[in-house]
Amino acid sequence: MDDTPRYTVRVVAERVGVPTATLRSWSQRYGVGPPQHIPGRHRLYSDIDVAVVHHMCELIAGGSRPRSAARLAIESMTPPRGDAGSVVTAATSLDPAALGRTLEAHLRHFGVVDTWDLLVRPAFSAVVELQERSGGCIEVEHMLSWTVARALQRVQLAPAGAPISAVLACTADETHVLGLEALRAALGERGYGALMLGARVPVTALLDALDRVAHPATVVLWSQTAATADADAVRAVAARTEVLLAGSGWDSVESGGAGERVTTLGAALDRWPAR
């Protein structure tokens, strides 16, 4: 069953025979329907959401109260929260389809931060342990990285017209971009615009991007290892705007107070509160 948002509330109302006002009420009161909604966007239902509404209608017709029917219908379709084992199994089986479905369902129901902290990071830790024991599994790590990036990139962008509030970039010699993909997705989930520049961004290009952003934007600069942590780049960017230093590469590098260290996705998101 597809978890992709695609149907407007009007279409769902016609399919299940329930007024649109009732569907909106069920969504607000019981959480039945799209699990996340950002002002300014249409609320779109997936096939799974439609199935939950159908099931709720059947339970109500059978005599259940709406609140109980909503709870039972949601529980019947909600994936388990934080089941990192299923991610590791799909990754080690080199099954990107199953892995993608698991990640996207978890993202949709529990959001980016929970998916990153409860699924993605534990899965990578497990793969690293396998590599240390066997000396292999490089292909598993690469497939896992690609599939996670693809799932994060499918999280909707901020609404059209939202100002760019963050510029996300790796240092000039850094190729690891997955942490920034997670931050971009989390910002989009909260309705904040972000400019993703990706891997290997020269400081001159980063400064040029800041010149072209219409509103003041915080720069998040990623470095995975000390070899790619460029303190001079931090000072150059910090002369123009606020800089957050993300990634373990900054742990042993002194930036002279030019940037602020953030060590978790949640800590980085503190700059952009949910709204």
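How many cavities of 30 Å³ or more does a search of the whole structure find? The search finds 1, where a cavity is a set of points, on a 1 Å grid over the protein atoms alone, at which a 1.4 Å probe fits but cannot get out. The structure is a predicted model, in which local features need pLDDT of at least 70 and side-chain atom pairs count only at pLDDT 80 or more, while totals for chains, interfaces and linings use all residues. Residues are numbered from 1 along each chain as its sequence is written, and side-chain values use heavy atoms, with hydrogens and water left out.

The largest cavity holds about 30 Å³ of space, a volume being the space filled by probe spheres set on grid points that are joined across faces, edges and corners. Its lining, made of residues with an atom within 4 Å of a point, consists of Leu103, Leu107, Thr115, Val120, Val148, Ala151 and Leu152. The elements that give two or more residues to this lining are α6 and α7, and α6 gives the most, with 4 residues; helices here are DSSP runs of H or I with at least four residues, strands are runs of E with at least two, and both are numbered from the N terminus. By class, the cavity lining has 6 nonpolar residues, 1 polar and no charged, with Ala, Val, Leu, Ile, Met, Phe, Trp, Tyr, Cys and Pro counted as nonpolar, Asp, Glu, Lys and Arg as charged, and the others, Gly among them, as polar.

Helix α6 (96–134) also contributes to the largest pocket, a pocket being an open set of points with protein on both sides within 12 Å along at least five of seven lines. The largest pocket has a volume of about 880 Å³, and of the 30 residues that line it, Trp116, Leu178, Gly179, Trp222 and Gln224 are the closest to its centre. The largest share of that lining, 6 residues, comes from α6, and the lining as a whole has 16 nonpolar, 11 polar and 3 charged residues. Domain 2 (84–154) and domain 3 (164–271) each give at least three residues to the pocket lining, with domain bounds taken from an automatic or database domain assignment.

Turning to helix α1 (residues 9–16), its buried residues (under 20% relative accessible area, with exposed over 50% and partly exposed in between, for a 1.4 Å probe and protein chains only) are Val9, Val12, Ala13 and Val16. Seen down the axis of α1, these residues fall within an arc of 105 degrees, so they line one face of the helix, the arc being that of the directions from the helix axis to the C-beta atoms. Arg10 and Glu14, on the other side of α1, are exposed.
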